Amino acid sequence: MHMGEKLNPELEMAIYVDRYNSGSSLYLGYDKLNDEWTLIIRHSGNIDNIIGTVVNECVYLLAGFAVIKIYTYNISVLQTDSRILYIDKSNHYSYGRLDNFYEKYISCVGDEFTDRYGLTGKGVCIGVIDNGLNIRNVEFRNDDGIRIQSYWNQNMIYDPDYPNRYGTGRVYDHDEIYALYEDASYISETTTTHGTEVTSVAAGSNIGVAKNADIVMVEQLLDNELPDTIGIMMGLDYLVRYSMENEQPMVINLSYGNNYGAHDGSSILEMFIDEVSKLSKINIVTGSGNDGAKALHTSGILGNVSFVDLDIAVSGGVNNFGIQVWKSYADKFDVIVYSPSYDAVLYLTEGQIVTGASSNNTGIYGIFEEPSPYSVNQLIYVFFQSEKSIEEGIWRLRLIPKSIINGIYNAYLPSEAYITGHVLFENSSAFGSLTIPATAQSIITVASYDHRLGTFAGFSGRGFTTDNKYKPDIAAPGVGVTVAFGDEFYSVADGTSISAAFVSGCAALLMQWGQIEGNDPFMYGERLKAQIIRGARPVETIQNYPNRYIGWGTVCMRDSFRGLIV
């Protein structure tokens, strides 16, 4: 029996199954010792009166969202409150990266552009949510000093002497950052360089697109070195509030992606993005993801006559993963799960939540949801978990038709970034391999292309969304791009996060021209996105636009400014 449509199905499954495994993504956000969950809710109206009773702790976010801590036994009580619209759990996200002459010239932001238009991002803020920043790198200072205005390290132990509204980590202001810089100190202890690379492309003083933009860094709260939904949403909330309180236009660079959701903009993170995007003069930019060649998505059409098999190759050493199958609610079909030895280990039909097991004690859990308040599609979720290792080989989900009207289905596996080993579809589809939040309506979604060869980058996630919206919006360089490294060195990097950073810098230039210099006070949001799209250039190897590979084309600031400045 379902606990209700208000509840995230993965959370419902975790509570129903009650087979805690500390390394399982099913229990991300769960404190076993206290039987307490950290969750995301969407609410209507004031809920102060349930804090301290039903809810242990609450951090209000913008637009009617909040992060709460709650005991498991109180979740069912929370569902009965009419002010609570939806209860979600956190999920892991992976970085949009693979493992000049600067490339900004390829995006038409060379010396000629700068000399003609005088645009450097000055007066605009670029907010970056990533895994940290080397504050001592030469790309983040200029003759006026260090350009980082604020730095929220979510990974530091919270100190009440330095309070913040989220009760997490430590926020440093500009003076504190400068003092640390002068003292040859650092804020971040991360050993990875992704955040430094991304920020240097968007706003580096030498290699960046917007070389004079202010910088605000949110060092993402990491769980096993991977970010999650709650930390990202709090980071977005912090940056939007910063823009509002300082009355400063802002571009937010969000280089993350995962596969949890219908890929139509209805995930909790995407809804939050769409709502907060309306609250200030901002634009949010993300990459299309790097799953284009990873065999993590498949799709097809199920008819009324015969079944369809989804074959999943699982290597050794994998101890948990989930598969999501999204379908039209008009269609009716059942699901049978077969183990590699071809034993039927789970049978799932609409309205059920069931458990099964294979011969080597791999636990299989299935839930067949009804549509949520935010998506017309229906989710079938099957989760595999083992104390040691899931049975290696080909697992099979068989879709058995009962009454088919539409027949279209899309299935997703989680990013390889947080799975030990490999889990892949045998018959995958690269089309539809965008990661979330790239399918959000308000976001600018950026694909990668190889500017050296003038071709699409094969790793780049491909559109369209499952409800056939045009995504990605635009493409930018994403192969062999010059990035900052260490205190004063440079390296090269690949990935759609790097491409997104290019477009974040370009958006800052448009904001400077429009809002800071007073040419167009409405140059943000959808208007800014349209202006970037208008200047897009085609790639010789791709004929039709918009397309699933690079959207409307490759970013070109010079062409985007034609008609704005003569």
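This is a dialogue on how to read some features of a predicted model.

Student: What should I know before I start?

Tutor: The model is predicted, and residues are numbered from 1 along each chain as its sequence is written. Local features need pLDDT of at least 70 and side-chain atom pairs count only at pLDDT 80 or more, while totals for chains, interfaces and linings use all residues; side-chain values use heavy atoms, with hydrogens and water left out.

Student: How many disulfides does the structure hold?

Tutor: A disulfide is a pair of cysteine sulfur atoms within 2.5 Å. The structure holds zero of them. Cys125, for one, is in no disulfide: the nearest cysteine sulfur belongs to Cys506 and is 17 Å away.

Student: Does each cysteine count as buried or exposed?

Tutor: Buried means under 20% relative accessible area, exposed over 50%, and partly exposed in between, with a 1.4 Å probe and protein chains only. Cys125 counts as buried because its relative accessibility is 0%. Cys506 counts as buried because its value is also 0%.

Student: Which way do the residues of strand E7 point?

Tutor: Strands (E, at least two residues) and helices (H or I, at least four) are DSSP runs, numbered from the N terminus. In a regular strand the side chains alternate between the two faces of the sheet. In E7, Cys125, Gly127 and Ile129 point one way, and Ile126, Val128 and Asp130 point the other way. E7 covers residues 125–130, and six of its six residues are buried.

Student: Which strands pair with E7?

Tutor: Two strands pair if DSSP finds at least two bridges between them. E7 is joined to strand E15 (residues 250–254) by five bridges, and the two run parallel. There, Val251 is the bridge partner of Ile126. E7 also pairs with strand E12 (residues 214–219), in the parallel sense, over six bridges. In that pairing Val128 stands opposite Met217.

Student: Which strands form the five-strand sheet?

Tutor: That open sheet has the order E22-E21-E26-E19-E28, and its pairing is antiparallel. Strand E22 (344–348) and E28 stand at its edges. The twist averages 20° from one strand to the next. Strand E21 (residues 332–338) pairs with E22 over four bridges in the antiparallel sense, and Ile336 stands opposite Tyr347 in E22.

Student: How many aromatic pairs are there, and how is a pair read?

Tutor: Rings of Phe, Tyr and Trp (its six-membered ring) pair if their centres lie within 6.5 Å; planes under 30 degrees apart count as stacked, over 60 as edge-to-face and the rest as tilted. A search of the whole structure finds 22 aromatic pairs. In one of them, the ring centres of Tyr260 and Tyr381 are 6.1 Å apart with planes at 70°, so this pair is edge-to-face. Tyr260 lies in the loop between strand E16 (256–257) and helix H7 (268–276), while Tyr381 is in strand E25, 121 residues apart. Both Tyr260 and Tyr381 are buried.

Student: What can be said of Phe431 and Tyr549?

Tutor: Phe431 and Tyr549 form an edge-to-face pair, 5.7 Å centre to centre with 75° between the planes. Phe431 counts as partly exposed at 34% relative accessibility, and Tyr549 counts as partly exposed at 27%.

Note on methods: Axes are lines fitted to C-alpha atoms, for helices over the stretch in contact, and angles run from 0 to 180 degrees between N-to-C directions.
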